[in-house]
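The following note sets out points for a colleague examining this model. Please read each one with the structure open.

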Amino acid sequence: MVQAKKIALYLIVVFVLYTIIASPERAAELVQVGFEGISSAAQSVGDFMSELVK
């Protein structure tokens, strides 16, 4: 089981590096979308907590 996790992690790292090298513009777009999603989620949690306090 541990060996399978190592192999899966290795494949993910190789895929990410290949994506960055093959199309850096697309990789940058994906990172930006990810950060926008995290920011939006954090804003929503903040709004929810503010409403709970009121």
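1. A residue is called buried here when its relative accessible area is under 20%, and exposed when that area is over 50%. The model under discussion is predicted. Thr19 has a relative accessibility of 17%, and therefore counts as buried. Thr19 lies in helix α1, which comprises residues 2–22. Setting aside neighbours within four places in sequence, the contacts of Thr19 are with Pro24 and Ala27.

2. The surface of the model carries a nonpolar patch of about 410 Å², made by Ile7, Tyr10, Leu11 and Val14. One of these residues, Tyr10, is placed in helix α1. Tyr10 has a relative accessible area of 57% and is therefore exposed.

3. Gln3 also belongs to helix α1. With a relative accessible area of 52%, Gln3 is exposed. Between Gln3 and Ile38 the separation is 35 residues in sequence, and their C-alpha atoms are 31 Å apart in space.

4. How many salt bridges does the model contain? The count comes to two. In general, side chains of opposite charge can pair when their charged atoms come close. An α-helix has 3.6 residues a turn, so residues three or four places apart point the same way. Arg26 is partly exposed, its relative accessible area being 45%; Glu29 is likewise partly exposed, at 42%.

5. The side chains of Glu51 and Lys54 form a salt bridge as well, with 3.7 Å from N to O. Glu51 counts as exposed, since its relative accessibility is 52%. Lys54 is exposed too, with a relative accessible area of 75%.

Conventions: Residues numbered from 1 in each chain as written. Predicted model: local features only at pLDDT ≥ 70, side-chain atom pairs only at ≥ 80, totals over all residues. Heavy atoms only, no water. Helix = DSSP H or I, 4+ residues; strand = E, 2+ residues; numbered from the N terminus. Buried < 20%, exposed > 50% of the residue type's maximum accessible area, 1.4 Å probe, protein only. Contact = heavy atoms within 4.5 Å. Patch = residues over 30% accessible without salt bridge, like charges linked within 9 Å, V, L, I, M, F, W, Y side chains within 5 Å. Areas by Shrake-Rupley, 256 points an atom, 1.4 Å probe, with all protein chains shown as cover. Salt bridge = Lys/Arg side-chain N within 4 Å of Asp/Glu carboxyl O.
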